[in-house]
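Colleague: Could you walk me through this model when you have a minute? I'd like to start with the overall fold and then go into some details.

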Amino acid sequence: MRKKTAFILFLITLLAILAAFSIYDERQAKHPGDKKVVAFGDSLTYGFGDEKGSGYIDTLDKKLNEQNKEDFDFTNESIYGLESSGILKQFSDITVSSKLDDADYFILFIGTNDLLNSNGGNLENPNQEEIDKGKEVYLQNLKAIINILKERNEDAPILLLGLYNPYPDSDQLETILDDWNKDIIKVIQKEEQIMYIPTNDLFKGKEKKSYFSDSLHLNDKGYKLIADRILEKYDFN
């Protein structure tokens, strides 16, 4: 009697395991795997200033997973205060570099701190000579970053965001930002793997306090403009 009971319990357990595997296989067939998005940048990609979330990355995550049948898995490797040289240092960290091979998409938004620090840490009284020196170093680093991403993963599109002017009423800064963005475009103009996404026009003609949390960083409303622009310019399907 005990043997018969044990045998019946064994059959029930076996059937339960087989059923679980069947459900798992079915789910795998429908969802073969998350699309992995790895983002690199500074505080703007980190989402500093957004009290409701984590900036444009958080908004992208929510919108893509609501709109698409496939799941999108975001990894945000951005660091507050990072310059372009900092991303190159990140690539030497195995915990970061190990994610490059498996990524399906890269997002790259870097350069604001390169510009700021080339002018002494602020954008007041721009020193054109020093800013030009900073731009030269930045462009060299940008080329190196792109080359590493392409070498490690030749299939993943790279979404490169252009820089925006946090003082849109300043004609001098507007000229500087336009110059930096034009040179960024020159770096990638023959790169089929890279999609350039402009951001500077998003804040022109708008009341700054409605979209910024401080003099530089965006608020929830401002970051949503960035997220919407990415979805407008690039189809993740």
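**Fold, surface and aromatic rings**

Modeller: The secondary structure of this chain amounts to nine helices and five strands, and please keep in mind that we are looking at a predicted model.

Colleague: In what pattern does the chain run along the sequence?

Modeller: Reading along the sequence, the pattern is α-β-α-α-β-α-α-β-α-α-β-α-β-α.

Colleague: And how much of the chain is buried?

Modeller: The chain has 237 residues, and buried residues make up 43% of them.

Colleague: Switching to the surface, which residues form the negative patch?

Modeller: The negative surface patch is formed by Asp34, Glu70, Asp71 and Asp73.

Colleague: Why does Glu70 count as partly exposed?

Modeller: Glu70 counts as partly exposed because its relative accessibility is 34%, and that class lies between the buried limit of under 20% and the exposed limit of over 50%.

Colleague: What about the nonpolar patch, which residues make it?

Modeller: Tyr46, Phe48 and Tyr80 make a nonpolar surface patch of about 340 Å², and Tyr80 sits in the loop between strand 2 and helix 4 (84-90).

Colleague: Now the rings: how many aromatic pairs does the structure hold?

Modeller: The structure holds 12 aromatic pairs. One of them joins Tyr234 and Phe236 in an edge-to-face arrangement, with 5.0 Å centre to centre and 85° between the planes.

Colleague: Are Tyr234 and Phe236 buried or exposed, and which cluster do they belong to?

Modeller: Both Tyr234 and Phe236 are buried, and together with Phe72 and Tyr105 they form one aromatic cluster.

Colleague: How far apart are Lys133 and Asn119, in sequence and in space?

Modeller: Lys133 and Asn119 are 14 residues apart in sequence, and their C-alpha to C-alpha separation in space is 9.9 Å.

Terms used
Residues are numbered from 1 along each chain as its sequence is written. This is a predicted model: local features need pLDDT of at least 70, side-chain atom pairs count only at pLDDT 80 or more; totals for chains, interfaces and linings use all residues. Side-chain values use heavy atoms; hydrogens and water are left out. Patches are made of residues with over 30% relative accessible area and no salt bridge: like charges are joined within 9 Å, nonpolar side chains (Val, Leu, Ile, Met, Phe, Trp, Tyr) within 5 Å. Accessible areas come from the Shrake-Rupley method with a 1.4 Å probe; for residues, only the protein chains shown count as cover. A salt bridge is a side-chain nitrogen of Lys or Arg within 4 Å of a carboxyl oxygen of Asp or Glu. Lys and Arg count as positive and Asp and Glu as negative; His and the chain ends are not counted. The place of a charge is taken as NZ of Lys, CZ of Arg, CG of Asp or CD of Glu. Buried means under 20% relative accessible area, exposed over 50%, partly exposed in between (1.4 Å probe, protein chains only). Rings of Phe, Tyr and Trp (its six-membered ring) pair if their centres lie within 6.5 Å; planes under 30 degrees apart count as stacked, over 60 as edge-to-face and the rest as tilted. Helices (H or I, at least four residues) and strands (E, at least two) are DSSP runs, numbered from the N terminus.
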